[in-house]
Amino acid sequence: MKISPKKRFAVSETVGLSFLKFMEIERNEGGTYECQATNNPVEPPVTSKINIFVIYFEHSSTLLDKNGEAQIVEGEDLNITCAISPIWLDNVTWVHVPTHEFLKLGSVKVNSGTLAIRNFSRSQQGKYQCQAYDKKDGILGIANVFIKVMYKPEIDEILSSKHNISRFGDTIYLRCVARGVPVPNVTWYGLNGKIRVNGTSYYPGTSTLRLLKLNTLDFGIYSCLAKNRYGIAWHNVTVTKYCECY
């Protein structure tokens, strides 16, 4: 096939040199390309061939975006297939980049390999690498994907307030700290079950409720609700009146 400059191709030339550039190469464009050079139209041209193969991900049950990031909900099964076009290499393999561990594949074909991990957890989050190779030349290309784990909110019991003992007229601060991906929104509920609007968020996933000049009606149990698209988490904080007993 003769390559002509198009929207997705660019050919640039200088004296004795010619460059072919692909913009957003597609899987069907893998194959053998030949460069021909001549300075005498009567004589046969000098030729040079190069093999270009395209590594791509297909039939993935996991959401994979254009930036090479896949999202999976914690506890779900991960399945990502890495394939090569055209089919001429021996195989592909998967490596967990942080640990350099070669991973067992869920299924293997002539030109593809599926990374299958059951019950995926946040500890397994990170970069995974598909490697294309043949027995003669070894690794000829790689493709990376970052697996991001989404999970429902969890309350940080250490950083969140639990029990506050205060006097009449005090101003106190109740803190609720939650973790989750995506970052959860935190809402406070007062003694009557109604939403308190004066919670302040200083950091993502946190909210601080300020109670000004405590009176008799302010003592009791307050609740914070952490919520994202994957679930919710509740946390209670008790405000108790300080008793000066003699």
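## Disulfide Cys-82 to Cys-130

Cys-82 and Cys-130 are joined by a disulfide, with an S to S distance of 1.9 Å; the term is used here for a pair of cysteine sulfur atoms within 2.5 Å. Cys-82 lies in strand β8 (residues 78-85) and Cys-130 in strand β13 (residues 126-134), so the bond ties together parts that are 48 residues apart in sequence. Strands (E, at least two residues) are DSSP runs, numbered from the N terminus. The torsion about the S-S bond of Cys-82 and Cys-130 is about -80 degrees, so this disulfide is left-handed.

Cys-82 is buried, with a relative accessible area of 0%, and Cys-130 is buried at 0% as well. Buried means under 20% relative accessible area, exposed means over 50%, and partly exposed is in between (1.4 Å probe, protein chains only).

## Basis of the model

This is a predicted model, in which local features need pLDDT of at least 70 and side-chain atom pairs count only at pLDDT 80 or more, while totals for chains, interfaces and linings use all residues. Residues are numbered from 1 along each chain as its sequence is written, and side-chain values use heavy atoms, with hydrogens and water left out.

## Disulfide Cys-176 to Cys-224

The structure holds two disulfides. Besides the bond described above, a disulfide joins Cys-176 to Cys-224, at an S to S distance of 2.1 Å. Cys-176 belongs to strand β16 (residues 172-181) and Cys-224 to strand β21 (residues 220-228), so this pair ties together parts that are 48 residues apart in sequence. With 60 degrees about the S-S bond, the link of Cys-176 and Cys-224 is right-handed. Both Cys-176 and Cys-224 are buried.

Counting bonded cysteines along the protein chain, the disulfides follow the pattern 1-2, 3-4. A further cysteine, Cys-35, is partly exposed, with a relative accessible area of 42%.

## The sheet containing β21

Strand β21, which holds Cys-224, is part of an open sheet of five strands in the order β15-β22-β21-β17-β18, with mixed pairing. The edges are β15 (163-166) and β18 (195-196), each with a single partner strand, so one side of each is left without a neighbour in the sheet. Two strands count as paired if DSSP finds at least two bridges between them.

Strand β17 (residues 185-189) is joined to β21 by five bridges, and the two run antiparallel. Asn-185 stands opposite Lys-227 in β21. Strands of a sheet pair through backbone hydrogen bonds, either parallel or antiparallel.

Note on methods: Helices (H or I, at least four residues) and strands (E, at least two) are DSSP runs, numbered from the N terminus.
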